[in-house]
Amino acid sequence: MLSVFMAVLRRDLLLAWRRRSDVLTALGFFLLVTSLFPLGVGPEPDQLAQIAGGVMWVAALLATLLSVSRLFESDEADGTLEQMLLSVEPLAVIVLAKVCAYWLLTGLPLVLIAPLIALQFSLTPDETLIVCASLLIGTPTLSLLGAIGASLTLGLRGGGALIALLVLPLYIPVLIFGAGAIDRWRAGLEVGSNLALLAACLLVALAVAPVASAAALRIAQD
Amino acid sequence: MSETQSSVARAPSPGFSFFHYASPQTFFPLAGKLLWPCWIAAALLTLAGLYIGFFVAPTDATQGDSYRIIFIHVPAAWMSMVVYLAMAFWCAVGLVFNTRLSFMMATALAPTGAIWAFVALWTGALWGKPTWGTYWVWDARLTSELILFFLYCGYMALQAAIDDPRRADRAGALIAIVGAVNVPIIYFSVKWWNTLHQGASVSLTAAPTMATTMLTGMLMMALAAWAYTIGAALVRVRAIMIERERSADWVRKLVTGADFNGDSKA
């Protein structure tokens, strides 16, 4: 089971490495959206610091949504997905590996670039650390839940808008806990509880999402 | 439609069996019989409930007459949640037992549930203006009701986007169940986030904090909402049954009124 996981992970990372521009789309989107906010709401540092957490979280959420719809697309197009469905190995493990690769390629870069954006929004080092920590725990949940939407809308017309309608309501707890962490810190409250709740969301998503996504793939390819 | 024909051949069991009505063919006439009682009950209970609500129940000490919206608002909010649970339940039954009728029932319930969620939001806004001074606040219950409305929309949009009914049923069922798992998480996350809404006035564990006539009126309206929901779902499920089983013998018999043998005509 572990070998299948590693094989799929390596394959997806390799494929992404061969087509690097795909990976950078989500990252560019994240950078652009966050840069738009100071232009929209004005450059006052206090105001920017206040909205920074929410802006970065919403941008991360939209960047995930933008790219996750392509999670199974190329596999479906070249027939790999059918082979995965026919495989004797549990489909949920394959899906989990794909989601892991996807997060390493799109979620992790967001976390790594976040300090730069925090700088633009004039956050203090402590606040930057908290935003990064919340993104680090929260973005895998976004990827996992996004995989459910991606597998449900696979090959449907208007898949992009549909996946937003399906997945965004499910993202709300993650958004609230994630963006709430920095707000609590700024209000002088402890942030451990929010990070723990984010981690709890991640664990639930880890348990449910690969199985649900695998079931949705079987339905889609029935 | 070999399944349908085999169920025709089977002799009806002598005693009452719940599963006897698990096939569209046998459920269709039953749903037809249940329709009128539902409509009559809904109409009578609405009239009685509104009469009590508007003429008998006393004016509230703090909120004046604007509180009277609860006779519509509270049943609508209750039903929006109950219908979602019922929908998720039928979806789960459909996925586990692979029954066609369960999916049809879930599909039939969704629009009614969405309407209830919308009515709850709308009446809540109308009540919020005189009471809180604003149509909308980002309060826990309002926000989670709004998200519930989006969940209904997502379910219906997904089903509408898929042409193959079998895939539409199953994909919709999956998202409904995932949504049902998420509803409590969403509710508590929003609750801890921000809360302004008054606490629940009616709960199972504590004595109600409202006058008896108010409670009577509200419960009557709640029962009326139940009757309406069941009636509306039955009408819709009958339409879905006819549409999906249009090539089956029993539907042709129903439509043409003639005994159809399956080898000539039509």
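Tutor: The discussion below goes through each chain and then the side where they touch. Please keep in mind that this is a predicted model.

Student: Let us begin with the overall make-up. How many helices and strands does chain A have?

Tutor: One starts by counting the elements and reading their order. Chain A contains 9 helices and 0 strands. Read from the N terminus, its elements run α-α-α-α-α-α-α-α-α.

Student: What does the radius of gyration of chain A agree with?

Tutor: For 222 residues, a compact globule would have a radius of gyration near 17 Å, and chain A has 18 Å, so the two agree. Along the principal axes, the C-alpha atoms of chain A fill a box of roughly 55 × 35 × 30 Å. In chain A, 46% of the 222 residues count as buried. Of the contacts in chain A with a separation of 6 or more, 79% are made by residues 24 or more positions apart.

Student: How does one judge a single helix, for instance α6(A)? Where does α6(A) bend?

Tutor: α6(A) has 30 residues and reaches 42 Å from its first C-alpha to its last, which is close to the 44 Å expected at 1.5 Å a residue. The helix α6(A) bends by about 40° at A:W103. Just after α6(A), A:S122 takes a positive phi of about 45°.

Student: Where is A:S122 found, and is A:S122 buried, partly exposed or exposed?

Tutor: For such a residue, one notes the backbone angle, the element and the surroundings. A:S122 is not a glycine, yet its phi is positive. The residue is found in the loop between α6 (91-120) and α7 (125-152) of chain A. A:S122 counts as partly exposed because 16 other C-beta atoms lie within 10 Å, a count between the cut-offs of 12 or fewer for exposed and 20 or more for buried.

Student: Why does A:F37 count as buried?

Tutor: A:F37 is buried because 20 other C-beta atoms lie within 10 Å. This residue belongs to helix α2 (residues 20-41) of chain A. Leaving aside residues up to four places away in sequence, A:F37 touches A:I51 and A:V55. A:F37 and A:I117 are 80 residues apart in sequence and 11 Å apart in space, C-alpha to C-alpha.

Student: What pattern does chain B follow along the sequence?

Tutor: Chain B has 8 helices and 0 strands, in the pattern α-α-α-α-α-α-α-α. Of its 266 residues, 38% count as buried. Residues 24 or more positions apart account for 75% of the contacts in chain B with a separation of 6 or more.

Student: Which loop of chain B holds B:N98, and which holds B:A248?

Tutor: Each loop residue is placed between its flanking helices. B:N98 lies between α3 (70-97) and α4 (100-132) of chain B. Although not a glycine, B:N98 has a positive phi of about 60°. B:N98 counts as exposed because it has 10 C-beta neighbours inside 10 Å. B:A248 lies in the loop between α7 (212-244) and α8 (249-256) of chain B. With 19 other C-beta atoms within 10 Å, B:A248 is partly exposed. B:A248 and B:Q25 are 223 residues apart in sequence and 9.2 Å apart in space, C-alpha to C-alpha.

Student: Finally, how many residues of each chain are in contact with the other?

Tutor: One counts the residues, then asks which elements supply them and of what kind they are. In this model, 23 residues of chain B are in contact with 22 residues of chain A. On the side of chain B that touches chain A, α5 (140-161) and α6 (165-193) of chain B each supply at least two residues. α6(B) gives the most to that side, with 14 residues. The residues of that side divide into 17 nonpolar, 3 polar and 3 charged.

Notes:
Residues numbered from 1 in each chain as written. Chains lettered and ligands numbered in written order. Predicted model: local features only at pLDDT ≥ 70, side-chain atom pairs only at ≥ 80, totals over all residues. Contact = placed C-beta atoms within 7 Å. Helix = DSSP H or I, 4+ residues; strand = E, 2+ residues; numbered from the N terminus. Nonpolar A, V, L, I, M, F, W, Y, C, P; charged D, E, K, R; others polar. Rg over C-alpha atoms; globule rule 2.2 N^0.38 Å. Expected span 1.5 Å × (residues − 1). Bend = angle between axes of the 7 residues up to and from the residue.
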